Amino acid sequence: MIFRQLFDETSYTYTYLLADEPSKEAIIIDSVEGKVEDYIRLLKELGLTLKATLDTHTHADHITAASLLRDHTGCLSLVGKQSKADCASGKFQHDDLIPIGEHRLKVLYTPGHTDDSYSFLLEGPEPKLFSGDTLLIRGTGRTDFQNGDAAQQYRSLMDILLTLPAHTLVYPGHDYKGSSVSTIAEEREYNPRLKVASEQDYVELMAALHLPNPALMDIAVPANQACGKHKPLT
Ligand SMILES: [Fe+2]
């Protein structure tokens, strides 16, 4: 399997390219508009056919490249069932299996950061979890806007993500300190947000964060609900 972790230094977003070697079929998770030309170049260099873009949720801090990639490559743009982006090619839901050649990406509904937050699991001997903004490395995604819900996030974390095999690699949607990958075992042991004794404690911890809104929020949310901006590629 071809796997690339790509980074947007403006929004600290990780974008993931997954592709099946024999069929050359690829998908991209959480693309960033400003990086679209890099993605197109990389797909070409690796001889890949982009089948779909997936967004883990409606982002508030960057604009998706879903529309641009769909226009340029003819791929599908897929979002979660709860997303307001009705312009998407299709919507996924919990337990769906998204094919990448011979491989399958399992869809996990993990609401809490937003009500349309999903994670994706690539099963196999070395499972990879793409945890969006639900589970970050030594952190979790904020729950104070876009129908976020700390209690719901606690259940997504405890009942779904932390029940995955301990050696599952965790690839988050962002990292602000340069960490690129973790494991479920590491996060169970060292993630301070997961050290709370109860759901109520988690709700209180999240309510006490008082984070400023993302700078791009008022632009990014409506743009992402419209599948990203349309601008001609050079
Ligand atoms: Fe987010």
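**Close-up views of a predicted model**

**View 1. Helix H2 and its buried residues.** In helix H2, which spans residues 66-73, Ala66, Ser67, Leu68 and Leu69 are buried, where buried means under 20% relative accessible area, exposed over 50% and partly exposed in between, with a 1.4 Å probe and protein chains only. Helices (H or I, at least four residues) and strands (E, at least two) are DSSP runs, numbered from the N terminus. The buried residues of H2 pack against strand S3 (25-29), helix H1 (36-45), strand S4 (49-54) and strand S5 (76-80), a contact being heavy atoms within 4.5 Å. After H2 comes Gly74, with a positive phi near 80 degrees. The model is predicted, so that local features need pLDDT of at least 70 and side-chain atom pairs count only at pLDDT 80 or more, while totals for chains, interfaces and linings use all residues. Residues are numbered from 1 along each chain as its sequence is written, and side-chain values use heavy atoms, with hydrogens and water left out.

**View 2. The iron site.** The iron ion is coordinated by His57 through NE2, His113 through NE2 and Asp133 through OD, at 2.1 to 2.3 Å. Along the chain, these donors follow the spacing H-x55-H-x19-D. His113, in the loop between strand S8 (103-109) and strand S9 (118-122), and Asp133, in the loop between strand S10 (128-130) and strand S11 (135-136), are 20 residues apart and link distant parts of the chain. Both His113 and Asp133 are buried. Donors are N, O and S atoms within 2.8 Å of the metal (3.2 Å for Na, K and Ca), and because water is not among the atoms, sites may look incomplete.

**View 3. The disulfide of Cys87 and Cys227.** One disulfide is found in a search of the whole structure, a disulfide being a pair of cysteine sulfur atoms within 2.5 Å. The bond joins Cys87 to Cys227, with an S to S distance of 2.2 Å, and the link is right-handed, with 105 degrees about the S-S bond. Cys87 lies in the loop between S5 and strand S6 (90-92), whereas Cys227 lies in the segment after helix H6 (217-225), 140 residues apart. Cys87 counts as partly exposed because its relative accessibility is 32%, while Cys227, at 4%, is buried. Cys75 is in no disulfide, and the nearest cysteine sulfur, that of Cys227, is 11 Å away.

**View 4. The second largest pocket.** This pocket has a volume of about 160 Å³, and its lining consists of Leu136, Ile137, Arg138, Gly139, His174, Asp175, Tyr176, Lys177 and Ser179. On a 1 Å grid over the protein atoms alone, a pocket is an open set of points where a 1.4 Å probe fits, with protein on both sides within 12 Å along at least five of seven lines, and lining residues have an atom within 4 Å of a point. Grid points are joined across faces, edges and corners, and a volume is the space filled by probe spheres set on the points.

View 5. Gln146 counts as buried because its relative accessibility is 19%. His210, in the loop between helix H5 (199-207) and H6, is likewise not a glycine and has a positive phi of about 45 degrees. With a relative accessible area of 68%, His210 is exposed.
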